[in-house]
Every structure is written in C-alpha cells, then in structure tokens.
Amino acid sequence: MSNSDFGLIGLAVMGQNLVLNVESRGFQVSVYNRTTTVTDEFVAAHPGKKLVGAKSLEEFVQSLASPRKVMIMVKAGGPVDAVIESLIPLLDKGDIIIDGGNSLYTDTERRDKWLGDLGFRFIGAGVSGGEEGARKGPSIMPGGPASTWDVMKPIFESISAKVDGEPCVTHIGPGGAGHYVKMIHNGIEYGDMQLICEAYNIFKAAGFTPAELGEVFTSWNDGDLESYLIQITAEIFKQKDPETGAALVDLILDTAGQKGTGKWTLINAVENAVVISTINAAVEARILSSMKDQRVAASTILQGPKAIISVEKQELVKKVHDALFASKIISYAQGLDLIATMGAEKSWGLDLAKIAAIWRGGCIIRARFLNDITEAYRTDATLSNLMLAPFFTNLLNGFQENWRQVIATATLAGIPVPAFSASLGYYDSYRSAVLPANLLQAQRDFFGAHTYERTDKPRGEMFHTDWPEVIG
Ligand code: 6PG
C-alpha cells in the first residue's frame, strides 16, 4: 500500500532515531536498510508504531505516498551517490530525496543539479543534535528549492527542536546552502570544544580535580555560558570509571578524532579570504593531539616552564570564564562572517538572524548566547561583524583584561592555549587602526616590485621604490 508519509534509508543510530521522531509526530514511516536484518530488528523492537519495514528498495519506494519523500541517512560521500543511483530508476518525477548526512556542500550542489535535471526534487539538509537530538528534536538546516522546502516544511517543523515555540528549522537557501551552514556549524562546534578544553587544561595546572571541575562547569551552565557543550562537560567531569573508580576523563587517551567538517570549513575560509583563526586553531589542536608519539618523545627534549598555575581558585574561575566567553564570541563572529561572505558570493540570500535562531535549540552548539546573536542580527541584518553589535562590544570590553591575563598566565606556565590566543589575536588585529603591513608591503616591493600605496596619497595610487641592491 502506498501510504507512508515519509521514508528513510539507513538505519544507523541517527537514522533510527529520526524515524522514531517522525513517527511520534503522527506520520507513517517506511524504512529500508541494506542489511535487511537491521530493518527487521528495528521494526520488531517498536511494536505498535506506524513503521513499514521494506525488504527491498522497490518495496520501500512502493510503500510511499506521492510525492514520495525519501530521506537518506548514510555515510557522506560515495554511499550517498550509490543510494541515489539505485533510487533513480524507481522514483517518479517530482519525488523528493533528502540527504540528511554531513555531506560536503559541493557534493550537494552537484546532486541538486543532477537530480533537478532528471526532474526529481532534492534537499541537502544538515541535521544537528547527535543521537538524542535526532530522537527528541534536532536543529535542521535544509537547502534546496523553496518550493520543495514548502512540501517538506510540515514534517521538518514538527520533528525539529522548538525554542520559544519557534521550530529550529528554516529554509537556509538554494542548492548546497543547507549543508554549507551545517559545515560552519561544525567548525564552530570544533571551536567551542577546543576552547572548553583549553579552560580545562588551565584549571588542571591550578590543581582542580575533576569533581571540582564538575562543579565549576555546572555553575557556568547556570549562567551566561549556558550551553549544551558546557552542560555535557560538567557531566563528563562527574563520570566515574566503573572499573577503577577514578574519574573517567583522566583515563581517556588525549588524541582527538575528526571526520572532516572542520577541515572543510578551513579550506572554504581560505578560499573566501575570511579569517577563522579560532576554528583554525581548534582543527590544528586536534591534529597536534593525534601526534601522541611525537609529543611524548618531544616532552623529554624540548624545554618549558613547569605547568603550574598559582592563582586563587575562585579568582581563576572568574578569569577563565571571561577568557572562554570572549574567545567564544570571537569564534562565532568568525564563523558568521564566513557564512555572510560565502552567502553573498553565492547569492544564497542567507539570513543570519534565522540561522542563529535555529541554532538556539536542538544542535550541538545550542547556547543561551545564541539568543543574543539572533537579537543582534534581527536588530541589524547588515552587521559587518558580531563584535560590533553593542551587546557583544560591551561584553568584550568587559572581558578583555581577564582574557589577556589568562593567556599570559597560561603562556608563562607553558600551557598551550592556541584557540584562546588566536581569538585574542583576531580581536587585537581587528581593532588596530594601524598594523605592521606597511613593512610587509615594503618587503614585497623590495624583492618583487609588487608596489605599495602611500599613507599621504589617495588609495589606489601605486608606488615603487628602487631599493638598494643586496649582495649575498
Ligand atoms: C552534530 C555533530 C555531528 C557529528 C560531527 C562530529 O551537529 O550533530 O556535528 O554532525 O558529531 O560530525 O564531527 P567530528 O567527528 O569531526 O568531531
């Protein structure tokens, strides 16, 4: 019977939880997984639910009401293309394929054209919130034709997280815009996580135990830093290892993994000549963390001060709070700058207020201060940099002294704070009316006759000097 409202291919945990979410909102859902036993077990595990388990792709497609809505939740890259290729002969023109994975936005653009040319409709949707978000309400970033969004809107709005009654989903823009914004979301996620880790490293050097850190992060989560990542960090510090009784965090090896979205964000930032130094530092920190053997060897060769911080604990908590919050503002300012720049470049018509608004709930970077970011862009859609919104300018002005002290203290103790430092470096560069690039231009002109502009002549007028010859 062709009466399911929605179909999903790929029953890994995210897929399963999305299916349960959609079903719980009153929709009948068909499911298909390449390994049929996974489908059978999933359907059997949820008796009484409006689920249709299909044994073949043909059966799956036939079970869907027209226009068919098929969401693909498989690994990004080749597997997405493979599923699409096998669906094409089975679908009718006008049917909708939704890719809900972490696809590279250029792949989404290619698929948008490919499927559009064949008469199908395609949505590339970033879905954030992990397993729990998928089940209870994720933040969804769909890109594709507005007319296709209109068809998908009721389902997406009903399954998404809600903040103040507003669904955490909006039509981001055409083509790859949705996956692009999800990519930047992930870059910002990398930044947030690294900043928290740097705060942790400083606290460790000041003698904080995991139990004490659990309390610090819990109290931060009751204040202006309230966010999902601060909340889970508090829980992590409280977690004991059942085997040894020790704090679990102390037993986890310090090598970070990554699946690619952070790296893609950096590549795109360079292509757009946008500075995202905090996110850059976060990606590089993961890379350095993975060089465990080299680090262990170098730790006995390369010298530095003893990693001990002797600042009174309560005072340090306040200072690190300010450094963390200031750096976080910078990270979002950079990520949003990249979105604005790319959006303009691609004529995507992106609305930063709407993007910030759908990040307030459901997603990994959800945070109280996204309300303030949303407000800043609702007040001034043309804001050139988040730092210049009065609310954030005031915060940064208030935080900057402690921010500097924390970075200086950590640096003097030999504790790496690459994301804190990169953030402050951006802040200080951005607010410098004069930078030393005059010297740089002179150097370029010296060795390559690249010419320079002068401070005492109109902009655009180029000069060259016959520099002395250098021998040797
Ligand atoms: C989300 C997460 C999710 C995933 C990341 C992790 O928004 O729900 O970002 O998409 O956890 O892909 O990426 P790394 O493995 O690169 O840390």
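Trainee: Let's start with Val470: buried or exposed?
Mentor: Val470 counts as exposed, because its relative accessibility is 59%. Buried means under 20% relative accessible area, exposed over 50%, and partly exposed in between, using a 1.4 Å probe and protein chains only.

Trainee: What should I know about the model itself?
Mentor: This is a predicted model, where local features need pLDDT of at least 70, side-chain atom pairs count only at pLDDT 80 or more, and totals for chains, interfaces and linings use all residues. Residues are numbered from 1 along each chain as its sequence is written, and side-chain values use heavy atoms, with hydrogens and water left out.

Trainee: Okay, back to Val470. Where does Val470 lie?
Mentor: Val470 sits in the segment after helix H19 (437-448). Helices (H or I, at least four residues) and strands (E, at least two) are DSSP runs, numbered from the N terminus.

Trainee: Which domains is the protein divided into?
Mentor: There's domain 1 (6-175), domain 2 (182-430) and domain 3 (434-472). Those bounds come from an automatic or database domain assignment.

Trainee: And what separates the centres of domain 1 and domain 3?
Mentor: Taken over C-alpha atoms, the centres of domain 1 and domain 3 are 56 Å apart.

Trainee: New topic: where is Lys238 found?
Mentor: Lys238 belongs to helix H10 (residues 228-238). With a relative accessible area of 41%, Lys238 is partly exposed.

Trainee: Which residues is Lys238 in contact with, leaving aside neighbours within four places in sequence?
Mentor: Gly214 and Thr218. Contact means heavy atoms within 4.5 Å. Gly214 is 24 residues from Lys238 in sequence, yet their C-alpha atoms are 5.5 Å apart in space.

Trainee: What joins the side chains of Lys238 and Thr218?
Mentor: A polar contact of 2.9 Å. That term means a pair of N or O atoms within 3.5 Å; within protein, one must be able to donate a hydrogen and the other to accept it, and residues adjacent in sequence count only if both atoms are side-chain atoms.

Trainee: How about Ser421, where is that found?
Mentor: Ser421 is in helix H18 (residues 418-430), and it counts as partly exposed at 30% relative accessibility. A polar atom of the Ser421 side chain lies 2.7 Å from the backbone oxygen of Val417.

Trainee: And Thr170, buried or exposed?
Mentor: Thr170 is buried, because its relative accessibility is 13%. Its place is the loop between strand E9 (166-167) and helix H8 (177-205). Not counting residues up to four places away in sequence, Thr170 touches Ile140, Pro142, Trp149, Lys354 and Ile358.

Trainee: What phi does Asp164 have?
Mentor: Asp164 has a positive phi of about 50 degrees, although it isn't a glycine. Asp164 is in the loop between strand E8 (162-163) and E9, and it counts as exposed at 66% relative accessibility.

Trainee: And Ala449?
Mentor: Ala449 isn't a glycine, and its phi is positive, about 50 degrees. Ala449 lies in the segment after H19 and is partly exposed at 44% relative accessibility.
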